[in-house]
Amino acid sequence: MNRLAHETSPYLLQHADNPVDWWPWSAEAFDEARRSNRPVLLSVGYSSCHWCHVMAHESFEDEATAAYLNEHFVSVKVDREERPDVDAVYMEAVQAATGQGGWPMTVFLTPDAEPFYFGTYFPPEPRHGMASFRQVLEGVSTAWSDRRDEVAEVAGKITRDLAEREMSFGDSRVPGEEELAGALLGLTRDYDAARGGFGGAPKFPPSMVIEFLLRHHARTGSEGALQMAVDTCERMARGGLYDQLGGGFARYSVDRDWVIPHFEKMLYDNALLCRVYAHLWRSTGSELARRVALETADFLVRELRTDEGGFASALDADSDDGTGRHVEGAYYVWTPAQLREVLGDADAEFAARYFGVTEEGTFEEGASVLQLPQQEGIFDAERLASVRERLLAARAGRPAPGRDDKVVAAWNGLAVAALAETGAYFGRPDLVEAAIGAADLLVRLHMDDRARLVRTSKDGRAGAHAGVLEDYADVAEGFLALTSVTGEGVWLEFAGFLLDHVLAQFTDAESGALYDTAADAERLIRRPQDPTDNATPSGWSAAAGALLSYSAQTGAEPHRTAAERALGVVKALGPRAPRFIGWGLAVAEALLDGPREVAVVGEAGDAATTALRRAALLGTAPGAVVAVGVPESEELPLLAGRPLVDGKPAAYVCRNFVCDIPTTDPDRLREVLNGRNT
């Protein structure tokens, strides 16, 4: 047993029984490297990473390799989901040196944490032009012993180059019509009109870009923006990317057609996509969007909710195929013979036709990923429901993929927002309660008495690592969504505490630029700072969105100013790289629309209040915030000075310091909130 046995990260715990003498990232590890005059091997991955498991089995579980590592290196293992700051700094170095990156990430450092040699996965034997891991270790060890001055020079140069790579903040002005139209044009150029989505293989679900497209349509009426969103969502939901039996989305599609997924299921993807499909339904009334939003929400609660009320990070791609082998996708794929075994001949033929299961297979070894291929004809809904139920029950008897039970603050914030809104839209109070349960866990376990966040917890025990910008921003986003859905001011208060930390600890006072780590966080060789959206909204754009919503709820001018300053980067990047700043563009749409502030006053049990509240929540105005409560309530600032109208519940809509005449008519409110900003 090495030093990882008492960590909270499931990824680190997976390596606790390795013969490698692992250290967690710590000052003590680097002290040991200095004391013993050895370089540091930094290995970064995450628990549901397929090639991380492969390299672990091939190299880190191998006694001879471990013995060599233990003699010549101080080995440090990092969970990238637990320490995104460490991952970001060294991934930047890997990409700068090699032109590519990925996980597992393998970096060799001096005892001062300066990198000097890089890679990702290394095989146990030379293959495809790649050196073996043992060859790399021996080469690095020889260089460290015989050419120390050269190593120090390289490490120093790399570290200086990283420190000097200051990002251009862009423009001090907020993005306007021209930049958002330019972003839409750029997306149109990258759009795959035949298959939906953007670019080629592999294809990732563009959830944040779709949010921008829906908001752009709502504000401008652009049918092209809406069509890209609708078609992409339909193709993803009908493809193998989506779990046609259990709901929820895989991480990405290996191919351009959304057929073959990389089977791991991440909390952040499913939270973001649940919200996207709920918003698509809100915009279009699509029955498919409604079904996918609810099935994804149910997947989150059923398969990722932890005993403490939070949400686990991921399900593995790999699982036991029934023979003792761990195989990617084994839990999810089907052969015609397996369908017949569960369903009998007639229903198996029906299921194969409906789900696109073929004798040749669409995946490996004659197995198929279930899809809903474009098909004509009407299928018997009752028969289909029976087939789904029996297949899902049979699948539940297979060895399940492993679950990473780590609760990540940021991703739980995304889940809170998605579940709160989906529950409110579709009359599912159980989903709202699940959102409240996760929010309560974040307050109880992840926030200290100064409202400082820790990034992770597991089994009810808080982790040791400080929250980063995306944690503060996404948790605030979740709390703000709960504010609109529940009308409870405590969530707005907690959001304010978190966003005050964003202003004080993460924001450059002179430029308004945002950093990913707090000013008083552990010092790395570079303070990470990245405004681009990748698998999740960047901390930068997420903070801009939460600051803007909070200022709309409260009238807080410093938060509005900070949001506008942060959006300067969208003015610079939006037209040039719209696929990688989708959430920033969505926030910019909200800014251009106001955002609108909706106050609904009336008694909680009154049917008229309920109708106005529902109309407010279902309004498509980009980034609109909603406050609901009794007249003269002090619960939420937007309710102040908002009386009933002729003794009836009423709704007030304001933006940019101008208010419409209050209305008691839900249809009128719906018309106001779905109208264009002209």
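Is R195 buried, exposed or partly exposed? Select it and color by accessibility: R195 is partly exposed, at a relative accessible area of 23%. (The cut-offs: buried is under 20% relative accessible area, exposed is over 50%, and partly exposed lies in between, using a 1.4 Å probe and protein chains only.)

Before you click on, some ground rules. You're looking at a predicted model, where local features need pLDDT of at least 70 and side-chain atom pairs count only at pLDDT 80 or more, while totals for chains, interfaces and linings use all residues. Residues are numbered from 1 along each chain as its sequence is written, and side-chain values use heavy atoms, with hydrogens and water left out.

**Stop one: around R195**

(A salt bridge here is a side-chain nitrogen of Lys or Arg within 4 Å of a carboxyl oxygen of Asp or Glu.) D192 counts as buried, at 5% relative accessibility. Now extend to K203, R256 and D257: together with D192 and R195 they are linked in a network of salt bridges.

**Stop two: R325 and E365**

Next, pick R325 and E365, whose side chains meet in a salt bridge of 3.9 Å, N to O. R325 sits in the loop between strand 10 (318-320) and strand 11 (326-328), and E365 in the loop between helix 14 (345-355) and helix 15 (381-396), so the pair ties together parts that are 40 residues apart in sequence. (Helices are DSSP runs of H or I with at least four residues, strands are runs of E with at least two, and both are numbered from the N terminus.) R325 is partly exposed at 42% relative accessible area, whereas E365 is exposed at 70%.

**Stop three: one turn of helix 21**

Select residues 557-566, which make up helix 21. E564 and R560 both lie there, four residues apart, about one turn of the helix. Their side chains meet in a salt bridge at 3.0 Å, N to O. E564 counts as partly exposed, with 27% relative accessibility.

**Stop four: helix 9 and its partners**

Show helix 9 (207-220) with helix 11 (267-284): their axes come within 9 Å and cross at roughly 20°. (Axes are lines fitted to C-alpha atoms, for helices over the stretch in contact, and angles run from 0 to 180 degrees between N-to-C directions.) The two helices are therefore roughly parallel, a label for angles under 35 degrees. The contact includes I210 and L214 of helix 9 and L272 and V276 of helix 11. (Contact means heavy atoms within 4.5 Å.)

**Last stop: T609**

Finally, jump to helix 24 (607-617) and select T609. What does T609 touch, not counting residues up to four places away in sequence? Show V600, G602, E603 and P649 to see its contacts. T609 is buried, with a relative accessible area of 3%.

Key: Angles under 35 degrees count as roughly parallel, over 145 as roughly antiparallel, 65 to 115 as roughly perpendicular and the rest as oblique.
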